[in-house]
Amino acid sequence: MHPLGYCRSHHVSSPGRIAAAMLLVSLFLCSGCFMLHKQFKKSVNPLSGTITLKGVSEEIIIRRDSLGIPFVEARNEDDLFFASGYVAAEDRLWQMVMMSMLAQGRLAEITGRDMFKMDLFMRTLDTKKYVEAALQEMSPRALRVLESYSRGVNAYLESHPNLPAEFVLTKYRPAKWTPEDTLHVFCMLNLDVSVNMVEELNFLILAEKLGYEKAAWLFPVYADEAIAFDEAAKLKEIPADRLVKFKAAFNDLRREMKNRLPMGIPASNNWALSGEKTAGGKSIVENDTHLMLMIPNSWMLLHLKCPTYEAAGVTLPGVPFITLGYNGRVAWGASMVMADSQDIFIEKIRTDGGVIQYLDKDRWLPVTERREQFAIKGKKPVEATILETRHGPLLNNALKNVPFPPVMLVQPLPMTSDYGIALSWAVEKMGQTVGAFYDLGRARNVTEARKAAQSVEAIYLNLVFGDEDSIAWQVTGAFPLRAKGTGMLPSPGWTGDYDWTGFLDPDHRPSSVDPSEGFLVTANNRTVPGNFPYRLTSSWFHSDRRDRIAAVLEKMDEAGMEDMIDLQGEYFSLMAEKVQALLFSEPLHGSLTARINGWRDKKEKSRALEALQYLGPDRFDAVMAPESAGAAVMGAFMHTVTRSTFLDELGGDESLCWEAFLDANMMSYPAPEDHLLFRPESPFWDNTATREPESREDIIAEALEKAVRLLEKEIGRDREKWQWGKIHTYRWQHEFTKETIFFHSYFNRGPYPAGGDAHSVNVSGFAWGENFDAVVIPAMRMIVDFSLQEPMSVVTVPGQSGNPSSSHYSDMIPLFLNRKGRPMPFRQENIEDQYRNVFRIVPKPEMPSGG
C-alpha cells in the first residue's frame, strides 16, 4: 500500500489538476509535433545527385550555391524551361499552387468552407475569361515555354511523394500544373498592381458616414492638385447609405485577401545611371521592389542558361522565365505605375417579371447570368449565379455576408437597395504580355528591350532598362480612356457619361531614352506633368523617395556598385525632414509652443515640449535609423497625429470606417501626410468630441504629448533605451499561423529591429495610426553595374525556399538586415566557384516496343 501517494492523488488542488492536464496535453502535442516535423523534413531534397525523368531530351544541370539559389543549364529551351518548372516546384510549390487556385476561385477545395467567400469573389471577377483569351492570342513559341514549364512541375510532383508541411497539414495533393495555371498567376500579378477597385470601395464605406464631399478630403491626388470634389459630386443623387450594405463583409474579405496574396502597396524604386555619371564609364541599373512583408517572399531567384536564352534575376513562382533581371547584355527593373485600370460603376437595378434588369440610359436591359460550381472540401458542391452588366460583373453578392451553404444566391437578387456595384477591369492581351516578358530576357540592347516592353499590355509598370551604353524608361499597360471624369471614384453607370471609350495608344505611353540629366528614376510617384493630356491614374504615391534618389544621383559623377548599395540601404526620410521643418517654422512653431505653455497639466506640457526637443534640427537628422531615439519620437508622432486628426470622425479603432481609412492610406498618396503638410483648412482639424473647435496647431500639440506618452508605455520611462527599432520591427508570419496557435516557431521568423519608413529609400512602411509593424519592405534588391566583370548583385528576403524545413527558408535575412548585396555571376569559372552543389536531370530511356 502507498497511502501517502493515494491521499495525495485525492487532495490535488484544482490548479494542480489543471497543470497536470496541461502537462499531459503538452506532452501529447510535443510528441505529435515531433512526428510531424519528421514527416515535414522528408520534403527537403538533396542539392546534389542525379534523377532520371521522362520529358527531357538531354542532360540538365542544376547547380545551387550556399543560399540554395539555382543556376540551371540546358542544351535547348524545352529542357531549360522544364527545369525551371522543376526547380520552382521544389522551392515554392505551395505558393504557386495557392496563387493559381486563388485566381481560379478554388481555395475551398483545399481549406474548406471558410474560403468559399473568397472563391465567390474571385470567380465573380472571371479570370477564366482572360486566361482563355490569352491562350488564343499567345504565340506558339510562348505557349511552348509554358508547356515545357508545366511538364517540369509535374515531373517533380510525380517523382516526389513527400510534399512540404502545408500539403501535409491540409491533406491536399495538387493536380497537374498546366499553362492555364501560369496564366492565372499572371492574372494575380495584374490584380496586385491594380488597386483602384479597393480604393473606390473604401471611398463608398467612408462616404456613408461622412458624406461624399467630406470623404473626398481623405482621397487626395497630390499636394499640388485640388481635392477631387467634382469626382465625388457625380454621385450626389445616390444616397450613400444605399450602397454600402456590403461593408462588413468587404472588410472580412479584404483581411483574407491580405493574408493570401501580396496586395498592391505603392513602394518600389528603380533607377538607371548613364556612363557619364559612373566610375567605370558604363551604365548602372538598380531595382528594389517593395512588397508586403511575407514568408515566403513573392520573388524567387533563378539563373537560366541555354544556347538561345540566358537571364538571371527574380521570377514569380509559377512563371517560367526571368521577370526582372539581367541577361548579360541588358538589365531591367520595375516599379508600379499606380495605374487606374479598374472602375466601379453604380448601376440602377430592378426586377421585372422575375427578370433582373439594369438601366442603360433610357432603356432597361436584362443582366447576363453566369453559373459557377464550387467544390468544397468535405462538403457537397455549391452552385452560384453571377450577374453582369455591360460594365462588368456585379460585385454585390461577392461583397455580402453570404451564408453557407448559399441559398438562392441571386433569385431573387439579395440586394438591400436598388443599386448594383459593377466592376470594369482591364486585363488586356495577357498572352501577348507573357510573350513580351520572354522577349525581354532575349533582348540584346535597350532598343530591343523597349520594343518588348511596348507589348506589355496586361501589367502596369515603370520599366527602366540599361545596356552598357544606354538607359531608358518605358511605361507599360493598357490605360482606359474615359468619356468623362477621371475614374478615381465610383461613377453612375446608367448615364453612359463615364464609360470607357478605348485604351491609350501605346505610342502615347510615357518614355525616355538617354536623358540629358544622365539618370532616370521612378518610385511610384507622379511621373508625368500635371497637365499631361492623358489620365494614367489619380492614385500616385508621394514623391519623397523619388526626390531623394534624384538628389543623390544628381551629385554623383563617379558612381559605382558600393554607392548604389549604400543608397538602397539609406534610412533618411524626406517626410521626417518636412515634418521637422513644419514644426519649427514660423508662425506655426510660436503658436504651437504658446498653446503648450498655456496648458495647466504640467506633465502633459513637459511631454509635449520634450517631443519638440527630440525632433529639433540640432538633435534629429531625419534619419530613421533603428537605434535612433529621435526616429522613435518621429514615428510615434506620425502615429498619434493621424489618430488625433481622424479617429474621432471615423468612429474609433474597431470601426469599419477606420479600417477603410487605414487601408486607403497604404495604397496611394495618403491623407495624413497631405493634411499635416498642406491642408490646414481641412474640416478634420477639429476634435468632434469637444465643444470648442480646434485648429491644426491644437491637434499637433496634443499629438506631440501623446507621442512621448506612447513611448513611455511601449519602451519605458528610461529615455536612454528609446530606439525606433524597439517598436518598429520586421516580423515574417506565415499565412498558416495567422489562424492557429501551433507551429509559430516552425513557420515564422522575427521580430528584428527595423529602420526607415515609407518615405526612406530603404522602405519599411507601417500603417500610420494603427501600429508600428513593418508591412512593406524591399522584397528584392538588384544592382547591375556594367563596368564590372561580374555586373550583377541581387538578394531577396527571407530565403530562396518556401519550405520551412529547408535551411534556405530564411537564410537571407542577415544579408537583408545588414543591407548587403550578393553577386549572381555569369562567367563560367565564377559560376562553378559559387554554385558548388550539382544536381543532374537525365532523360529516361524509352522502353522498346514489344514484338
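1. N524. This residue is found in the loop between β23 (519–522) and α16 (544–555). Helices (H or I, at least four residues) and strands (E, at least two) are DSSP runs, numbered from the N terminus. N524 has a positive phi of about 70° although it is not a glycine. Most residues other than glycine have a negative phi, and most peptide bonds are trans. N524 counts as buried, at 0% relative accessibility. Buried means under 20% relative accessible area, exposed over 50%, and partly exposed in between (1.4 Å probe, protein chains only).

2. Basis. This is a predicted model, in which local features need pLDDT of at least 70 and side-chain atom pairs count only at pLDDT 80 or more, while totals for chains, interfaces and linings use all residues. Residues are numbered from 1 along each chain as its sequence is written, and side-chain values use heavy atoms, with hydrogens and water left out.

3. Confidence. pLDDT is the predictor's confidence in each residue, from 0 to 100. Its mean over the protein chain is 91, and 91% of the residues reach 70 or more. Residues 1–16 have pLDDT below 50; beyond near neighbours in sequence, this stretch has one contact in the model. Residues 20–29 are also below 50, and that stretch likewise has one contact beyond near neighbours in sequence. Contact means heavy atoms within 4.5 Å. Where pLDDT is low, the predicted coordinates should not be read in detail.

4. M338. M338 lies in the loop between β9 (331–336) and β10 (342–352). It is buried, with a relative accessible area of 1%.

5. Cis peptides. The bond from I295 to P296 is cis, with omega near 0°. P296 is found in the loop between β5 (284–292) and β6 (300–306). V797 and P798 are also joined by a cis bond, with omega about 10°. P798 sits in the loop between β27 (792–796) and α27 (813–817).

6. Helix α3, geometry. α3 bends by about 100° at R92. The bend is the angle between axes fitted to the seven residues ending at a residue and the seven starting there.

7. Helix α3, ends. N76 caps the N-terminal end: a side-chain oxygen lies 3.2 Å from the backbone nitrogen of D78. After the helix comes G105, with a positive phi near 70°.

8. Q95 is buried, with a relative accessible area of 13%. Not counting residues up to four places away in sequence, Q95 touches P296, N297, S298 and P317. P296 is the proline of the cis bond from I295.

9. Cores. A nonpolar core is a set of buried Ala, Val, Leu, Ile, Met, Phe, Trp, Tyr and Cys residues joined through side-chain atoms within 4.5 Å. The largest has 209 residues; those with the most contacts inside it are F203, L218, Y309, F321, I346, M430 and I841. α3 gives the most to this core, with 17 residues. A second, separate core of 45 residues includes Y614, F637, V641 and I700. In soluble globular proteins, nonpolar side chains tend to be buried together.

10. I841. Leaving aside residues up to four places away in sequence, I841 touches I51, L53, V56, E58, E59, I60, I62, F82 and Y86.

11. I61. The place of this residue is in strand β2 (residues 60–64). I61 is buried, with a relative accessible area of 15%. Not counting residues up to four places away in sequence, I61 touches F71, V72, E73, V838, F839 and R840. I61 and I349 are 288 residues apart in sequence and 60 Å apart in space, C-alpha to C-alpha.

12. Helix α23. Seven of the eight residues of α23 (residues 671–678) are buried, so the helix is largely enclosed by the rest of the structure. The buried ones are A671, P672, E673, D674, H675, L676 and L677. They pack against α16, α18 (574–583), α21 (629–650), α22 (656–667) and α24 (696–714).

Methods. A polar contact is a pair of N or O atoms within 3.5 Å; within protein, one must be able to donate a hydrogen and the other to accept it, and residues adjacent in sequence count only if both atoms are side-chain atoms.
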